Amino acid sequence: MSACAPSSSARNRADLSASISVFLIALPLSLGIALATGAPLQAGLVAAAVGGIVAGALGGSPLQVSGPAAGLTVITAEIIQQYGWRTTCAITALAGLAQLGLSALRVARSALVVSPAIVHGMLAGIGVTIALSQLHIVLGGNPESSAIENVEQLPSQLADPHLAAIVVGFLTVAVLLLWPRLPGRAGAMVRKAVPAALAAVVVATALPWAAGTDVPRVDLPAWSSHALSQMPEGPVLGLIAAVLTVTLVASVESLLSAVAVDKLAAARQRAGGPRVPKADLDRELRGQGAANVVSGLLGGLPVTGVAVRSSANVAAGAVSRRATVLHGVWVLVAIGALVGPLQLIPLAALAALVMVVGVQMVNITHIRSVTKHREVVVYAATAAGVTLLGVLEGVAIGIAVAVALALHRLTHTRVTHERLPDGRHHVRVRGQLTFLAVPRLSRVLGQVPDGAEVAVELDGTFMDHAAYETLHDWQAAHAAQGGRVEVTGSAGEPIAEQEHRCRPWQPWHNHQCTAAAPAAQGGPRPEHDQLLSGVRNFQRTTAPRMRQELARLAQEGQRPSQLFLTCADSRLVTSMITSSGPGDLFTVRNVGNLVPPPGTESSDHSVGAAIEYAVTVLRVSSIIVCGHSGCGAMHALHTAAEGARPENGMVSSLEHWLRHGRPSLERLRRRSDPLPRIDCRPAVDELETLCLANVVQQLDHLTLHECVAERLAEGTLDLRGMYFDVGAAQAYVLSRPTDGTDPVFTAVRPDAVEEREEILTA
């Protein structure tokens, strides 16, 4: 068994604990969502139990928790108002059959092509609608059928409030918001044991019960009178539209939630957690379809994957689908055993709970994300359409706006002209170059003086025939008047020079842009300075792009956020590994990425001076020590004979410098200190273990520098370790446990970037 895999009994305990945590969250939310839709309250419990047991057992995402979701609240409420509850149950079952058909066609991945701006906008609009409707219940009234009517009736509701309901609702919201902020270790233990939603409902139930206050409470009729589905009645086209709406919204929300859960599980694994298989989306869609068929036939709400409960499941330590199924079993037990306590819950508490969920669906992280990608117009149009007109209409508006925006970007081309300090002219074309942009292109090209040297940069992926002829004719005419034209692509590659085929990070000796000119037949090969050729290539292609940014840095000065201390090995390119640019890193390189402790530097104080300057003057926020595989300095330390000295008694500069690495070698041989390792794989050899130990040792040396120790004591400086496996092109980040176990270098994965931003909060 892998060292990273827990035992079978430990997995069972983790699943049992997680199932209880999720059950405590699902129980009040299921009742609240049923209340918000206008369905019988038992329908929410039926959907929660079926979602846990059926979707949990048959679905393709092991850790996803399914049940009634806020994302379908508005749709379900509209269907109930139009067709009645029993027909709504039949529509839910038919939607499940449609999901089974889609899973058979294996189109689950296709559902993910929907623009995130439309999905997030739809959820935001639904959230606003939910919050407005539940606010009326919190105030002691009844919600209207649309968001507009709820806003119109709000003044009259505020003029005649129900004081007891308001107090219960306010108390629920206060507990929900304050519970995650309970201070201290005891607060952390309480937060872990009792979810905020359950705590809010319990407190809001206990207070009016203890005070004897009369407030509307949950009414669970006898199960003998529970309404089941019936043959759908109504216009055929309307019923088909309702089935398709439930199918599409439930499917997209479930699949997006499954993808988000995969990211959470992967992040947990990188932190040392257990490995969980990735979701099979077609199987997940099949499981959701089966759950909706069963839920509809049993008189339950529509079922979908719920990101909030799923993320709680991952956070609680679930390792398999047993946790999801058990959570459904606990809901089933509660249906029979907890009817009495459930009927004590005030409706205002459930309404306040769902109202907060609705507000949270308008997610600030999502708004920042769509703004960063220039799709906030799509988000706003979808949200407004869903709120004012309905889900189908809002999504249709969002799709139309997204298509219009894509066409605008396709046809909107920006052409700029700039005169460089060296007298050359730079024309840049941003966007697709079509016949629509020809007038703009001709006007800008006409601003270039005759006989001037000009670079035309095409920053796009398409150029039609009309634009090509315009550019080609101008180029020929400008050259005939003594000018020089170079047309380049977005990477600075001259389009006309077919022999230039350099790719990013191609081996230096293979770069044709810096290679020596070919020798004439039978003649001597001309002398070639490869470094100088590389500088010329920089001046030709990179400098024009970076000149404005470098000018800003020259004026403002450097403000790096990190000191990056690494080896002088030529294979270690810091800007490549960290995707950094000018002004990002204050870099120190030496043989072996060594940090001499204070007082041992002898005549070389360069590393100490750099550390002091970075920490006290530049005020960097972190220091990174980065080692790498196959380090020559560590190899020299590892193979050197103990006590060996040169015959002439002289010590070379390299040998003198490597003395600072001996503590790392002693750490390796001492074996008393925990030795670092790479997560879930053994070290290749003892040399790799020495390279890892050297990173840890140099971090310890850093703490001996007075300026570093002061900043660490203030809490304004972080020390981090990195290791780069050159052969595998894989970076690892050090984590040092506080319990005395081995330090672990964890692999950095490409899908770990801001993954929590993708979690649907509804």
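How many helices and strands does the chain have?

## The chain overall

The chain has 28 helices and 13 strands; both are DSSP runs numbered from the N terminus, with at least four residues (H or I) for a helix and at least two (E) for a strand. This is a predicted model, in which local features need pLDDT of at least 70 and side-chain atom pairs count only at pLDDT 80 or more, while totals for chains, interfaces and linings use all residues. Residues are numbered from 1 along each chain as its sequence is written, and side-chain values use heavy atoms, leaving out hydrogens and water.

Of the chain's 762 residues, 47% count as buried (under 20% relative accessible area with a 1.4 Å probe, protein chains only). Among contacts (heavy atoms within 4.5 Å) between residues at least 6 apart in sequence, 75% join residues at least 24 apart.

## Helices H4 and H10

Helix H4, residues 85–104, packs against helix H10, residues 236–270, at an angle of about 60°, with the axes 8 Å apart. Axes here are lines fitted to C-alpha atoms, for helices over the stretch in contact, and angles run from 0 to 180 degrees between N-to-C directions. That angle makes H4 oblique to H10, oblique being what remains after under 35 degrees (roughly parallel), over 145 (roughly antiparallel) and 65 to 115 (roughly perpendicular).

H4 passes H10 in a right-handed crossing, meaning that the near helix is turned clockwise from the far one by less than a right angle. On the H4 side the contact includes Ile91, Leu94 and Ala95, and on the H10 side it includes Val243, Val246 and Ala250. The contact residues divide into 10 nonpolar, 4 polar and no charged (Ala, Val, Leu, Ile, Met, Phe, Trp, Tyr, Cys and Pro are nonpolar; Asp, Glu, Lys and Arg are charged; the others, Gly among them, are polar).

## Helices H5 and H17

Next come helix H5 (residues 116–138) and helix H17 (residues 376–388), whose axes come within 7 Å and cross at roughly 35°. H5 passes H17 in a right-handed crossing. Among the residues making this contact are His120, Gly121 and Met122 of H5, together with Tyr379 and Thr382 of H17. Here the division is 10 nonpolar, 6 polar and no charged.

## A look at His478

His478 sits in helix H20, residues 465–480. Is His478 buried or exposed? His478 is buried, with a relative accessible area of 4%.

A polar atom of the His478 side chain lies 2.7 Å from the backbone oxygen of Ala452. Not counting residues up to four places away in sequence, His478 touches several residues, including Val448, Pro449, Asp450 and Arg484.

Key:
Buried < 20%, exposed > 50% of the residue type's maximum accessible area, 1.4 Å probe, protein only. Polar contact = N/O pair within 3.5 Å; in protein donor to acceptor, adjacent residues only side chain to side chain.
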